[in-house]
2 protein chains.
Amino acid sequence: MKISNLTVKDIRFPTSLEAHGSDAMHSDPDYSCAYVVLRCDEGTQGYGLTFTIGRGTEIVVQAVKSLAHLVIGKDTTEIFSNFAAFWRSLTSESQLRWVGPEKGVLHLATAAIVNALWDMWARMEGKPVWKLLADMDPETLVSTIDFRYITDVVTKEEALQFLREMQDGKAEREAKLISDGYPAYTTQVGWSGYPMEKVKSLCEKYIASGFDSFKIKVGQTLDEDIRRCRMVRNLIGWDNKLMVDANQVWDVEEAIERMKALAEFKPLWIEEPTSPDDVLGHLAISKALKPLGIGVATGEMCCNRVLFKQFLQAGAMQYCQIDSCRIGGVNEVLAVYFMAKKFRVPVCPHAGGVGLSEMVQHLQMFDYVCLSGTMEGRVIESVDQQQEHFEHPAIVKKSRYMAPINPGYSTYLKQKTVEEHEYPCGRVWKELIQSGRWKSPADNVRV
Amino acid sequence: MKISNLTVKDIRFPTSLEAHGSDAMHSDPDYSCAYVVLRCDEGTQGYGLTFTIGRGTEIVVQAVKSLAHLVIGKDTTEIFSNFAAFWRSLTSESQLRWVGPEKGVLHLATAAIVNALWDMWARMEGKPVWKLLADMDPETLVSTIDFRYITDVVTKEEALQFLREMQDGKAEREAKLISDGYPAYTTQVGWSGYPMEKVKSLCEKYIASGFDSFKIKVGQTLDEDIRRCRMVRNLIGWDNKLMVDANQVWDVEEAIERMKALAEFKPLWIEEPTSPDDVLGHLAISKALKPLGIGVATGEMCCNRVLFKQFLQAGAMQYCQIDSCRIGGVNEVLAVYFMAKKFRVPVCPHAGGVGLSEMVQHLQMFDYVCLSGTMEGRVIESVDQQQEHFEHPAIVKKSRYMAPINPGYSTYLKQKTVEEHEYPCGRVWKELIQSGRWKSPADNVRV
């Protein structure tokens, strides 16, 4: 089947109006995505997206258009029978790679396309992506991964070996997954811009619904950080887990000092303490915080498998937070799972964003069934936002993600959402802009 | 003065037709740039660009447009009196940073704008950029740099100290620079796509014009690499310097093996042996090649100061190849120079591309006059391409860059070039496309 058509849309939600998703670095996000639809001649479709936070989505949309010629006209059988080679044709296009390579806008755009291809493949097979992966023989699964630049840490043969060793018990783990789901933690209680009363009521709500792990934002003033940590710790008690997230706001030494001051609240991890590119900086922070029992978590802005490789080699991340869009889609995320397996670092996916919960649940469930074989010390982030816009949103019951049952990657947006939230001309945006309730800082600028 | 207007154009040169600039990863570059013009109310202008290689330029152009609202309407006095803060307003815009941060398309676009601002500042002062920098008091110079994420290696106070220590002898060094120029090496002899006869005749030409350092591309088959290295070494003799450049084509262990096989030709450095993001990989290669007398050079795709910091901290680069566009313009490149100074690593700028020679000469000359105080072991890359399109191109005489004398950053393109080379509607492109001599792989694709 030939891919005959690609469309890409700039879909945004005005979350900045209520400070949903706000943190120390991103004070006013409008949760958004570049949404890709692929169509084959005879009607099969694939839906994929990359998460963004408002301005900048238009650049990713342009990048998807610039990559489109590499996808349109291609045969799906050829793509899926040697997916690693196709993936490299996207990430190593001889001219386009200059404006990456394999990072930033171009890699976000690659992810949207690659995610749509996986959605299409799973639909063709009539399975959710986690099950498509779980049912693949090891050779096929490994054939989707481009091992370029990581062979010093994991080779194709080693990856095959990992999968083969875990064939035993797959059926039992799959049954357990379907009956019990996968543990989640919530980030919904502690966005920076939420007033204290809101944080309090949300903590109470999520405790009541069964959560035992809670993440809040830090990186404001030290007093403010202490005040929030103290309140949340008091609310959730000492048996539940508290994680904190600085969203890259500190320098290396500052991160160490600030976390020493928050150690009394016993956070499990500090997430993104400094620049996401700073492997050696995270290593210094990890070493300094280890005696305090605080781990370092990062990954949502880790730009490709080569960065993940170094974080894992160096021992600079104790929790590996893969993201389904930041790097080049499922194929590259799988490479990261293999490296995490090798270094015995638990993967706890990032999912605070449009469609991220929907996607990462598949990856983490594959990991449980086929690769790590355990949920021990692992949790998937959960955020209750924009899920009403998906045809088959992630389902979290009593703090556990339920295994998806519908074919695909769970990224099919409702048609009404696509129409109403397209920026800037969908109904929702038109009304907000006309009423003056929402203003773009780019207004009145002509280039 | 207020910046009232910003324009950005997609300017391309059809260099792929003759394999100029071709290497192991970029087989068919069309040397290009995103060209930014800033205008103030009363007519002062600033010209800046970021180098690209064809497809993808349109994405950078979109990113410049997305950043424009942060520049238009701003007062130049306010920008230049606290340039570090303004720079951070570009690189940390609360929504846009998500699609970076500080890397790839967004950072290339930032560089084009920031370069235009430096050009404007230098024009306002009536000086070339190198002289503007050399005449600045240390406090003003250091006030242009955002030290976020690098304070664990160099602080503002330390940078000030470096400059103050070198105040002595500045006048003598400036006089020497003006009389003798700055040493260059040539890359023009050995692009991958050039046939052997062309490589031979170019070697002879550049030897005759006084060059003593020659760089060629490797990373094709081992036989081909050996054949080229042997021929060029025979042509230039053993007293001249040979450098080789793999443009990221190898994995870590492969790079070590391949360079062992080329060691007999005594290359001074291997440039970009593997992924530009792989600090630990370059460290392993550095250690393996040190006994063979081969250094590791990288930097043209090093995505920001945080990566440079780690390469320098780890001892993973023996030659630091800053680029004037890959990271966020002059301000961030200065930060890298301070870190290189701290770790005593020589800076040898990357300049194979449109406008790169024009810009990096200013930075390297500032370094000589004010910071390192030496040209020892340092060379600026030189490539004779597209220089006829600049009003005031870099001038290399007897293998030495002559200090620019015209106000600005040497990035003002001739008006005719801008008109004729705008892609795809300038005369040059219209004719090439209509005649069928040049075809875009993106033709016939509608998104």
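Modeller: Start at A:Pro101, which sits in the loop between helix 3 (83-91) and helix 4 of chain A. Helices here are DSSP runs of H or I with at least four residues, strands are runs of E with at least two, and both are numbered from the N terminus. This is a predicted model: local features need pLDDT of at least 70, side-chain atom pairs count only at pLDDT 80 or more, and totals for chains, interfaces and linings use all residues. Residues are numbered from 1 along each chain as its sequence is written, while chains are lettered from A and ligands numbered from 1 in the order in which they are written.

How far can you trust it? The mean pLDDT of chain A is 96; pLDDT is the predictor's confidence in each residue, from 0 to 100. In chain A, 100% of the residues reach 70 or more. For the model, ipTM is 0.97 and pTM is 0.97.

Now the bond itself. A:Gly100 and A:Pro101 are joined by a cis peptide bond, with omega about -15°. Most peptide bonds are trans, and most residues other than glycine have a negative phi. Another cis bond runs from A:Tyr423 to A:Pro424, with omega near 0°. A:Pro424 also has a loop position, between helix 16 (415-421) and helix 17 (427-435) of chain A.

An axis is a line fitted to C-alpha atoms, for helices over the stretch in contact, and angles run from 0 to 180 degrees between N-to-C directions.

Two residues are in contact if their C-beta atoms, placed from the backbone, lie within 7 Å. Ala, Val, Leu, Ile, Met, Phe, Trp, Tyr, Cys and Pro count as nonpolar; Asp, Glu, Lys and Arg are charged; the others, Gly among them, are polar.

Zoom out to the whole interface. In total, 61 residues of chain B touch 61 residues of chain A. Elements of chain B that give two or more residues to its side include strand 1, helix 4 and helix 12 (279-289). Helix 1 of chain B gives the most, with seven residues. That side of chain B divides into 30 nonpolar, 19 polar and 12 charged residues.

Strand 1 of chain B deserves a stop. Three strands of chain B form an open sheet in the order 1-2-3, with antiparallel pairing. Its edge strands are strand 1 (3-12) and strand 3 (45-52), each pairing on one side only. On average, neighbouring strands are turned by 15° against each other, direction ignored. Strands pair if DSSP finds at least two bridges between them. Strand 1 and strand 2 (residues 32-40) of chain B have nine. One pair is B:Asn5 with B:Arg39.

Back in chain A, strand 1 and strand 2 (residues 32-40) pair in the antiparallel sense over nine bridges. A:Asn5 stands opposite A:Arg39 there. Seven of the 10 residues of strand 1 of chain A are buried, so the strand is largely enclosed by the rest of the structure. Buried means 20 or more other C-beta atoms within 10 Å of a residue's own; exposed means 12 or fewer; partly exposed is in between; C-beta atoms are placed from the backbone.

B:Tyr149, between helix 6 (138-142) and helix 7 (156-165), has phi near 75°, a positive value in a residue other than glycine. B:Tyr149 is buried, with 22 other C-beta atoms within 10 Å. B:Gln386 lies between strand 10 (380-382) and strand 11 (396-397). Its phi is positive too, near 60°. B:Gln386 is buried, with 26 other C-beta atoms within 10 Å.
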